[in-house]
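Trainee: Could you walk me through this one? I'd like to start with the chain as a whole and then go into the details.

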Amino acid sequence: MRQRELPRPVLKWAGGKTQLLERILPLLPERIDTYFEPFVGGAAVFFALASRKRFRRAVLADRNAELVDVYRALQQDVDGVIRWLVKYGENHNEDAFYHVRANRPTRLVHRAARLIYLNKTGYNGLYRVNRAGEFNVPYGRYKRPRILDEPNLRAAAAALQGVELVVDDFSAVSRQARAGDAVYFDPPYLPLSRTSSFTAYDRHPFELEDHQRLAATFADLARRGVPTVLSNSATPATRALYAAWTLWEVQVGRSINSQTHLRGPVAELLVVNRPRIARPQGRQASPPR
Ligand SMILES: C[S@@+](CC[C@H](N)C(=O)[O-])C[C@H]1O[C@@H](n2cnc3c(N)ncnc32)[C@H](O)[C@@H]1O
């Protein structure tokens, strides 16, 4: 896969899937009628499928309204977003970062540019909010952050034309999928240990009961004949939730984790909603590369 392929994610997002694209893309159908991504985050899989023209239509959803508004702004007025990012780039320094962080712009394009700017210049590309829902990531001390990547913003905006953008729980959009469509689920992961959890995407943590709801939705999509792929951490709890399905373990180098000692390769699971195939010694084949 070419590294500079456009469009790529416009935001750094915890759990971003760019590294795993070569594993995930072959698990989805070659031709998809409507592609659903109910935990869209940085949208790495959507952008990769869009550049390969693998779907006719797409529905992208996330419970984070600020994030979905970035995609709405790009869809509606990429020039407006670019104009704001030029301004932010010209004035960038630590004081300006905190000034922008304290601002609460009301217009869609301005809010979107603010989030992109804070994401490119804030510590480690994290998205984190306080109890009041205010973005509170500190300054990132990058030498030359790439605040404006105009070719990629334009490519992303083009890919987003005609896409349905939804702020909702994953279950609402998943219900719409039919045979001929496909779904990719990339939820906040089940924690590897009690202390390793990174759940601060928004104010509402994704709990074990949400994972159980998701596993039920995953099974329901199989009953309705909708090809579905899901990512999660390789924990005994995840394996138990998806024991009925075909699952593969893959190694991923993680760059966003609240604890430095947990940065480095970690095992993740890719689950496909085809019934598990019995193999000698219970081994599963490697996913296609
Ligand atoms: C692991 S991230 C997705 C990463 C994404 N695949 C990427 O490449 O950047 C999980 C996303 O799920 C969203 N989320 C959390 N709970 C949700 C829910 N109940 N329904 C829908 N989205 C939710 C978070 O806001 C976050 O953006």
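Trainee: How many of the contacts between residues at least 6 apart join residues at least 24 apart in sequence?
Mentor: In the protein chain, 72% of the contacts between residues at least 6 apart in sequence join residues at least 24 apart, where two residues are in contact if their C-beta atoms, placed from the backbone, lie within 7 Å. Please keep in mind that this is a predicted model, in which local features need pLDDT of at least 70 and side-chain atom pairs count only at pLDDT 80 or more, while totals for chains, interfaces and linings use all residues. Residues are numbered from 1 along each chain as its sequence is written.

Trainee: And which helices and strands are there, I mean how many?
Mentor: The protein chain has nine helices and seven strands; these are DSSP runs numbered from the N terminus, helices being H or I with at least four residues and strands being E with at least two.

Trainee: What share of the residues is buried?
Mentor: Of the 289 residues of the protein chain, 37% count as buried. A residue is buried if 20 or more other C-beta atoms lie within 10 Å of its own, exposed if 12 or fewer, and partly exposed in between, with C-beta atoms placed from the backbone.

Trainee: Let's take H2, then. Is it mostly covered or mostly open?
Mentor: H2 is mostly covered, since seven of its eight residues are buried, and these are Ala44, Val45, Phe46, Phe47, Ala48, Leu49 and Ala50. Among the elements that cover them are helix H1 (21–24), E1, E2, H6 and strand E4 (182–185).

Trainee: What about H6, which residues are buried there?
Mentor: In helix H6 (residues 150–160), the buried residues are Leu153, Ala155, Ala156, Ala157, Ala159 and Leu160, and their cover includes H2 and helix H3 (65–90). After H6 comes Gly162, with a positive phi near 80°.

Trainee: Back to H2, what sits on either side of it?
Mentor: On one side, Ala43 is in the loop between strand E1 (32–37) and helix H2 (44–51), and its phi is near 65°, a positive value in a residue other than glycine. That is worth noting because most residues other than glycine have a negative phi.

Trainee: New topic: how do H4 and H5 pack?
Mentor: Helix H4 (residues 94–102) and helix H5 (residues 108–121) pack at an angle of about 140°, with their axes 10 Å apart; axes are lines fitted to C-alpha atoms, for helices over the stretch in contact, and angles run from 0 to 180 degrees between N-to-C directions. H4 is therefore oblique to H5, as angles under 35 degrees count as roughly parallel, over 145 as roughly antiparallel, 65 to 115 as roughly perpendicular and the rest as oblique. On the H4 side the contact is made by Phe97, Val100 and Arg101, and on the H5 side by Arg114, Tyr117, Leu118 and Thr121.

Trainee: And H3 with H5, at what angle do they pack?
Mentor: H3 and H5 pack at about 80°, with their axes 6 Å apart, so H3 is roughly perpendicular to H5.

Trainee: Last one: which residues come nearest the ligand?
Mentor: Of the 22 residues around the ligand, Gly15, Phe39, Gly41, Gly42 and Asp186 come nearest, where a residue is near a molecule if its C-beta atom, placed from the backbone, lies within 6 Å of it.
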